[in-house]
Every structure is written in structure tokens, then in C-alpha cells.
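Hi,

Here's the structure I promised to pass on. Have a look at it first, and then read my notes below.

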Amino acid sequence: MAHSVAPPATGHAAPAPLPVRTVLPWAVLGGILMLVLLYFVGAEQGATALLSGTGVHEWVHDGRHLLGFPCH
Ligand SMILES: [Zn+2]
């Protein structure tokens with residue numbers, strides 16, 4: 001059975017609104033993840049160190065210089 005879809009009469013379909021209650025937890029989670037990433041790129045094994053060794057520093061070293069964080 002074939003179905004045909006007629007175009008909307010107005011020509012523009014309005015996007016469904018996103019409730020703030022739905023978006024807010026994901027925005028907070030994204031913000032926390034961005035702050036953790038910013039910490040690891042900007043400060044870990046440089047100004048401070050949560051992890052021993054130099055592995056994190058080596059992985060983010062170029063990004064640290066690219067973003068202008070003090071390194072060495
Ligand atoms: Zn450096």
C-alpha cells in the first residue's frame with residue numbers, strides 16, 4: 001500500500017519546543033564534562049597533579065600550548 005505525504009499548507013514546519021526540564025540536566029552534564037576536560041588540558045600535571053607520571057601531560061601538551069595555557 002502506497003502512502004503519500006502532502007506538504008504542509010504553510011510551507012514551514014515549526015520545530016517542536018524543547019522543555020527546559022529536559023535540556024537542563026544534559027546541559028549541566030555537558031558543562032561538567034567540559035570543565036573536567038578544561039582541567040586536564042590546562043592544569044593536570046602542570047600546575048597541579050591528580051595522577052602520577054607524565055602521561056596526561058604528554059597527551060594534552062600540544063593542546064595546552066595551542067590554547068595558551070602556561071606549560072614550561
Ligand atoms: Zn609545553
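The two helices, α1 and α2, are roughly perpendicular to each other, a label used for angles of 65 to 115 degrees (under 35 is roughly parallel, over 145 roughly antiparallel, and the rest oblique). The axes of α1 (residues 20-42) and α2 (residues 55-66) cross at roughly 95 degrees and come within 8 Å. Those axes are lines fitted to C-alpha atoms over the stretch in contact, with angles from 0 to 180 degrees between N-to-C directions. On the α1 side the contact is made by F40, V41 and G42, and on the α2 side by V56, V60, G63 and R64; contact means C-beta atoms, placed from the backbone, within 7 Å. These residues divide into four nonpolar, two polar and one charged. Here Ala, Val, Leu, Ile, Met, Phe, Trp, Tyr, Cys and Pro are nonpolar, Asp, Glu, Lys and Arg are charged, and the others, Gly among them, are polar.

Keep in mind that this is a predicted model, where local features need pLDDT of at least 70, side-chain atom pairs count only at pLDDT 80 or more, and totals for chains, interfaces and linings use all residues. Residues are numbered from 1 along each chain as its sequence is written.

Overall, the protein chain has two helices and zero strands; these are DSSP runs numbered from the N terminus, with helices being H or I of at least four residues and strands E of at least two. Of its 72 residues, 4% are buried. Buried means 20 or more other C-beta atoms (placed from the backbone) within 10 Å of a residue's own, exposed means 12 or fewer, and partly exposed is in between.

Now for α1. The number of buried residues among its 23 is zero, so α1 lies largely in the open. UniProt's unreviewed entry lists residues 23-42 as "transmembrane region", though such annotations may be inferred rather than shown by experiment (positions use the numbering here, and feature names are shortened). That span is 100% helix and 0% strand, with its end C-alpha atoms 28 Å apart.

L67, in the segment after α2, is exposed, with 11 other C-beta atoms within 10 Å.

Cheers

Methods:
Two residues are in contact if their C-beta atoms, placed from the backbone, lie within 7 Å.
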